[in-house]
Amino acid sequence: MAYGKNEDQCYPLFVITHAAENTHDNCPVKPYINDKRIRQNITKAVKDILTNKEMAHKYIDSDFDEDELQKLQLEIKRLTKQEQTIHEKIDRLLDLKLLH
């Protein structure tokens, strides 16, 4: 826990380190960054992404070519058909259950 100017103001302290033990043990630098150092930049980036389309394109790769779009559309069709088949099976099972 960390404290503000008044001892009544208490807030959690987060740090950023390597998550993987192997990476952490083998890294000579052993980074241990207090989140207060980067929280403002992350907050600004999230606000930019949510409020500005151009900034969202800067942070998020959303450029799809025609092949990718075609594959996604086929996947959507396949999943929709699969969902419909599952619902039909559930309905048939329910009918069987109600009959017995």
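Helices are DSSP runs of H or I with at least four residues, strands are runs of E with at least two, and both are numbered from the N terminus. With that settled, here are my notes.

1. **Ground rules.** This is a predicted model, in which local features need pLDDT of at least 70 and side-chain atom pairs count only at pLDDT 80 or more, while totals for chains, interfaces and linings use all residues. Residues are numbered from 1 along each chain as its sequence is written, and side-chain values use heavy atoms, with hydrogens and water left out.

2. **Overall layout.** The protein has four helices and four strands, and along the sequence they come in the order β-β-β-α-β-α-α-α. Of its 100 residues, 6% count as buried; buried means under 20% relative accessible area, exposed means over 50%, and partly exposed is in between (1.4 Å probe, protein chains only). The protein exposes about 9600 Å², with carbon and sulfur atoms supplying 57% of that area. Accessible areas here come from the Shrake-Rupley method with a 1.4 Å probe, and for residues only the protein chains shown count as cover.

3. **Contacts along the chain.** A contact means heavy atoms within 4.5 Å. Among the contacts in the protein with a separation of 6 or more, 3% join residues 24 or more positions apart.

4. The whole structure holds two salt bridges, each being a side-chain nitrogen of Lys or Arg within 4 Å of a carboxyl oxygen of Asp or Glu. Side chains of opposite charge can pair when their charged atoms come close. One of the bridges joins Arg78 to Glu75, with the closest N and O atoms 2.7 Å apart. Both residues lie in helix H4, three residues apart, about one turn of the helix. Arg78 is partly exposed because its relative accessible area is 44%, and Glu75 is also partly exposed, at 34%.

5. Asp48 pairs with Lys44, the closest N and O atoms being 3.0 Å apart. Because they are four residues apart in helix H2, about one helical turn separates Asp48 and Lys44. Is Asp48 buried or exposed? At 15% relative accessibility, Asp48 counts as buried. Leaving aside neighbours within four places in sequence, Asp48 touches Met55, Ala56 and Tyr59.

6. Ile49 is found in helix H2 and counts as partly exposed, at 27% relative accessibility. Its contacts, again leaving aside neighbours within four places, are Ala56, Tyr59 and Ile60.

7. **Surface patches.** Patches are made of residues with over 30% relative accessible area and no salt bridge; like charges are joined within 9 Å, and nonpolar side chains (Val, Leu, Ile, Met, Phe, Trp, Tyr) within 5 Å. Ile42, Val46 and Leu50 form a nonpolar patch with about 310 Å² of accessible area together. Ile42 lies in helix H2 (residues 39-51) and is partly exposed, at 48% relative accessibility.

8. **Negative charge.** Asp61, Asp63, Asp65, Glu66, Asp67 and Glu68 gather in a negative surface patch. Asp and Glu count as negative and Lys and Arg as positive, while His and the chain ends are not counted; the charge is placed at CG of Asp, CD of Glu, NZ of Lys or CZ of Arg. Asp61 sits in the loop between helix H3 (53-59) and helix H4 (66-99), and is exposed at 66% relative accessible area.
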